[in-house]
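Q: I would like to learn how to read the features of a structural model one at a time, with the general idea given before the particular case. Could we work through one together?

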Amino acid sequence: MSSNKKYWKSVEELNENSSIVEALRNNEFVEEIPTDEFLGNKDSLSNSSTTRRDFLKYVGFSTAAATLAACEGPVHKSIPYVVQPEQIIPGVADFYATSVFDGFDFANILVKTREGRPIKIENNTIAGAKFAANARVHASVLSMYDSMRLKEPKIAGKPASWSDVDAKIKAGIADAKASGKQIVLLTNTLASPSTEKLIAEFIAKNPGSKHVVYDAVSSSEALDAFEAVYGERALVDYDFGKASLIVSVGADFLGDWQGGSYDTGYAQGRIPRNGKMSRHFQFESNMTLSGAAADKRVAMTVFNQKQALVKIYGIITGAAVSSNLDKAFDADVTKAAQQLKAAGSKGVLVSGIQDKNAQLLVLAINQALQSEAFSTAGTRQIRKGSNQQVAQLIADVQAGKVGTLIMSGVNPVYTLPNGEAFKSALKNVKTSVAFSLKEDETASVVTVAAAVPHYLESWNDLSLTKGAYALTQPTIRPLFNTKQFQEGLMSWNGDAGTYYDYLKANSASYTGGLSWNKVLHDGLYAGASAPAAGGSADYSAAANALAGSKSTGLELVLYTKVGLGDGQQANNPWLQEFPDPITRVSWDNYVTVSKFDADKLGMTNEIVANGGLNGSYANLVVDGVKLDNVPVIVQPGQAKGTVGLSFGYGRKAALKEEMKVGVNAYALYKGFNDVQTVSITKAGGEHEFACVQGQKTLMGRGDIIKETTLEIFNTKDAKVWNPQPMVSLDHAEVEATKVDLWESFDRSVGHHFNLSIDLNACTGCGACVIACHAENNVPVVGKSEVRRSRDMHWLRIDRYYSSEETFAKDNEKKENFNGLFGDKGSLGGFGQMEHASDNPQVAFQPVMCQHCNHAPCETVCPVAATSHGRQGQNQMAYNRCVGTRYCANNCPYKVRRFNWFLYNKNSEFDYHMNDDLGRMVLNPDVNVRSRGVMEKCSMCIQMTQLTILTAKREGRVIKDGEFQTACSAACSSGAMIFGDVNDKESKVAELLEDDRMYHLLEHVGTKPNVIYHVKVRNT
Amino acid sequence: MKKVGNHNSISRILLLSLAVMLTFSFTSNAQTAAPAATPAAPAAATAAPAAGAGDPVKGKELFNTNCAACHKLDAKSTGPALRGVKEKHEMAWIYKWVHNSSEVIKSGDATAVKLFAENNKSVMTAFPQLSEGDIDNIIAYTSTPKAEPAVGAAPPGTVTAASEGSEISNNVVLGALAVVMLLLVVMLFMVNSVLTKVAKANGIEVAPKEKRTPIWKAFAQNQFLVLVTSIFLLLASGYFVYGYLMQIGVDQNYEPIQPIHYSHRIHAGSNGINCKYCHSAARVSKNAGIPSLNVCMNCHKNISEVSDTTATPDHSKAFYDGEIAKLYTAVGWDKATQKYTGKTQPVKWVRIHNLPDFVYFNHSQHVSVAGVECQTCHGPVQEFEVMKQFFPLTMGWCIDCHRKTDVKMEGNEYYAKIHAELSKKYGVDKLTAAQMGGLECGKCHY
């Protein structure tokens, strides 16, 4: 029996006239399903030659093929040498001492090679090796294996032979001579006696030619001032270890100021010994590494820095100069100046103000102090560029006066503020030559692009400081068809020999009687020059001129980031993914704005729902030059009235797609002055940052980074400034270290490794992070993955700001919380503490796997993939891991990293592990992890095992200092010390007993094998 | 790649026992034929006639100690071939030459200068210590006529023929037996049918066959049996699947064909060359290292062919000489001019022992520190004609050894302290690798 019931399909059916009802009657859906869009173009689909049957055949074949292929194991071939080089034993690393200077970074290093491939940079620790490798030098080994390098010489963009290139350049030189035009060699600072000699010979042979030195990031004013006083174009090599009072006015000497590499000496003075440590005042506008390390940091505009310098000059020398310093800073500056005066020869003042007068005052003040840290002996030779000469050259090029321009180690089209104008002006130059590692912005527009070898493939000599001599030697056969600039010079000079012979013959006069082999083995000859004859200049005029400088509105302060520096290695994925120590942002540059200015301009930073950091965009205009859509970071500690922007980004040429990030700040580098007057406006849209640390402050959790002042440290008991956390046991308060859930193993036998990290010595330089990458084959995951918090760094350097003026006041505020609501209530109070102070204290804390003796990760692993070794390492067996990630969830330190994807041989992650060349940097002793596997710091077990094996083979006891990890070996400031605590004579055993020693999150009872030392500030 | 299970399956045992049975039946035949080959070899030596005043037996001894480094009897080496040298030169001249060849050359002797030039101007060591009698003995040895290798080659053929013969006879016997059995079966059927017919003819009622349920149906109806059988089948298949899965990636007995037939039997076995002479990296490196070709040439510069006794029934002398020629091609050595041509072709060996990437193994730890014999992990390599993986190289196999093996600590300063402390802790005199921490995951996996 049929029913007459009517079923309603929708409320629309109530309306008889509704079109939907009509549509539904005929069709299943109201709207047409966009199947065509989904399937793509219908025509092309039907025209496709692949029929359904073909498709099934393909599927069948590929399935069968894959199945068959899986049945057979792969056949591996082993191809031995025909004649094995004597020094190469497969499986044993060789080390070569060499030195690097690329015009920006310099260091005395050891290069670790395996089977003839350089795979890691280590510090050369031989006596006399002054300059340790920074993060960029550590990463430079990967830049050699850059698949985007210029692989052969090119003439007008087409591959050419070296003989053609030589002929072309020689013709260019002859042509320029004939037409009476200039021949110019434009190079970076060379600091190479042999190269400079070759250039002198070139100039002698070609009258009318000249050599112009161009530093992308200029130190011209400091050089001018030193030259004016001492008659020598050089920079002072300060020894901060000798200073008990350091005043820095705008000099980021722990960063790249005057080349950097000052942290070794600085850190020595920062570790309290016998109740003493150095005191450090920092007056600056951007938040820098030096500012973060300072005992007292005052954020001020560059205008005020100039006035402060004048004021300090007045107080130190007693000269009557008036300063227009803002009243707000008067007390701080006066205090610093008076203490500096009191410190006398134990004090030192440095300044990064790019003004010749300011730099003259620096010399005057240090002369007046008779500062021990300030020595004119062994001056730095690593910056020579003169702004005037470069400006002159650009004018000449634009005017068509230059017939032949030969460039080496420079990339002016990218680094000049008017790069585009220079690019078009290059058309006026008949023969323009660029000796370049890459087909960069300049090399791609010149007539001859000459491919040069990387420094790890070259011969050279360096005199980084006056009187010292270092050799650069090849550690691998050149990968490509390259030729050194020096060989080019020799060929143009009509010298038929090789540069090696030339170098060897030339070196004898610099090595102080040491043999070539000895210098080559050591990598250097540690000579020094006598102090420059003390000169003088009209300092008071300089002071008056400086005092008369005008405030010009919002200042843009340009700087270099720890990651990319001047931008030479922009195609280096390690450096791109390296999070900036201050902002913790990777894969970007940005304009840093103070909270005050950001509020005024309506710019914000916020953490969005997926955990990523978003920021506003800004448009910058400097003297008519616009830079649009620059991401904004609201930077605690940024001086009001200033914004910061870093160089090195925004490159486009010879870069993989992922590396083309950021904006080019060189466009705003007018007159090579790092301070520019800028107008800034908010632009539409939001920028997605790849920031690895969302939280800014410690929230008053003083037990994570323990800080105290020197006064308390000296006068009070360790229990006061390094309190043990207390827990309740049987209703009694006991020290957390005394309570234990587990039965401990006996760890007194054999080696027991500990890593000690001194928060006083750590400057946050990041060398350890890159060294860890290189040693442990840590993959690069790219910007979007980092944004998803999937970064793979085994070692991170946490950066914390104080929410009050100091961390101590944070703790105090938290202690005094009372109730939930109100100003003192914990609800509102903690809310406030999430925000960093306008001028916060900053602390760095390197955190890697803590190798807990009672590790929470080990107990939760369902497959026992992570377990504990007797030597203290928390071991991770990758082949056993099934990827449950329980361990990462249970780790209180959040140091475990999960391989969400396959990061090698995967075109989705097109970094070094995706090409044959880039994979050559991988360490063959460490496994490359696959997808779905947890990984973490192994305490470089491959290194400790090798040390043990070597000792066993040689049948001897291991000495202290032999055990190293990649991070402790890379740490030039002495913050990281690694060793065996069962060796009671060892440094680390002593550090374990130190009063300053504490464990991270001690109350959790994990008993870590990484120890930290309380940070002491000398305020 | 060859895959072999690492546990004894029933099928394997059965196959093995069958193989054992068959081999016994064959070898008994082969052994009887083998001795026929041996008597031929000494005959060559004794057959040498007393060519000169010298004693060729003493001469051979002298030749091998003094001359063989640079001279061969029948082939050019650093110096020329010496067989029949007596016919080429006067004895007096030979005495002078051997005692001090440089002087002879200096004196301007035309023959000497020519000879010197012909041999790449390599100066022959002077042998003033050899008396004229000694030289006579050597010359006597060099004058022995070349032994005929054909004598030795013949017997292997007879051996194979004999073994083939026995195979045929076996088959014939088996075939005959089968035929007999077949005949018996047929006869039985015939007898049965005849008897039935006889019974029919006699009118005897043959009791009709009771209709029974066929056995398979009965089986299917018996649920208990079905259950037991299926459980048994499940367990059995589980056993075999497990066995199959556990041998994946285990390449025991992997014996690939290599680009050059290199015989460890000849080098390490017959010639007793120390493993670490060629695999020198094993002392200091994680890799044992496949020797580079210049190491081969240390010896093979002079050894361009194998001796007749090296040849085996499987591989003739010509075969081995061909393999040495392959080495010369690879390293670019011209045998005729005794010079390197510079044209090299690196040899692409097929890797046999190949641990996964996630395992770190260090040869020097085992070879230098622990003093483990190479054979402990690689098997009796000195007996292998073709190199193969002898042991499974699985983790269980490694661990097993670490559990059983005492660490060699004597005289090693490194172990002094740890040995004292650990042996006290465990109350033992000797410590195993496991007690030293050799079972920790991180020691091999990083």
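**A buried residue in chain A**

A: A residue counts as buried if 20 or more other C-beta atoms, placed from the backbone, lie within 10 Å of its own, as exposed if 12 or fewer do, and as partly exposed in between; A:Pro581, with 25 C-beta neighbours inside 10 Å, is therefore buried. The model is predicted, and local features need pLDDT of at least 70, side-chain atom pairs count only at pLDDT 80 or more, while totals for chains, interfaces and linings use all residues. Residues are numbered from 1 along each chain as its sequence is written, and chains are lettered from A and ligands numbered from 1 in the order in which they are written.

Q: Where does A:Pro581 lie, and with which residues is A:Pro581 in contact once its neighbours within four places in sequence are left aside?

A: Helices (H or I, at least four residues) and strands (E, at least two) are DSSP runs numbered from the N terminus, and A:Pro581 sits in the loop between α21 (573-577) and β20 (585-586) of chain A. Two residues are in contact if their C-beta atoms, placed from the backbone, lie within 7 Å; beyond those sequence neighbours, the partners of A:Pro581 are A:Leu289, A:Val562, A:Gly764, A:Gly766, A:Ile797, A:Arg799 and A:Phe844.

Q: How is the packing of two helices described?

A: Two packed helices are described by the angle between their axes and by the distance between the axes. Axes are lines fitted to C-alpha atoms, for helices over the stretch in contact, and angles run from 0 to 180 degrees between N-to-C directions. In chain A, the axes of α5 (residues 135-144) and α25 (residues 767-776) come within 7 Å and cross at roughly 20 degrees. Because of that angle, α5(A) is roughly parallel to α25(A) (under 35 degrees is roughly parallel, over 145 roughly antiparallel, 65 to 115 roughly perpendicular and the rest oblique).

Q: Which residues of α5(A) and α25(A) meet, and how do they divide by class?

A: From α5(A), A:Ala135, A:His138, A:Ala139 and A:Val141 meet A:Ala767, A:Val769, A:Ile770, A:Ala771 and A:Ala774 of α25(A). These contact residues divide into eight nonpolar, one polar and no charged, where Ala, Val, Leu, Ile, Met, Phe, Trp, Tyr, Cys and Pro count as nonpolar, Asp, Glu, Lys and Arg as charged, and the others, Gly among them, as polar.

Q: How many residues does each chain bring to the contact between chain A and chain B?

A: Chain A brings 39 residues and chain B brings 45 residues. On the side of chain A that touches chain B, α31(A) gives the most, with six residues, and by class that side has 17 nonpolar, 15 polar and seven charged residues.

Q: What phi value does A:Glu115 have, and where is A:Glu115 found?

A: Phi of A:Glu115 is near 50 degrees, a positive value in a residue other than glycine, and A:Glu115 is found in the loop between β3 (106-114) and β4 (117-123) of chain A. With 16 other C-beta atoms within 10 Å, A:Glu115 is partly exposed.

Q: Which residues of chain B does the UniProt annotation "transmembrane region" cover?

A: UniProt positions are given in the numbering used here, feature names are shortened, and annotations may be inferred rather than shown by experiment. The unreviewed entry places "transmembrane region" at residues 172-191 and 224-245 of chain B. In the model, residues 172-191 of chain B are 100% helix and 0% strand, with end C-alpha atoms 28 Å apart, while residues 224-245 of chain B are 100% helix and 0% strand, with end C-alpha atoms 31 Å apart.
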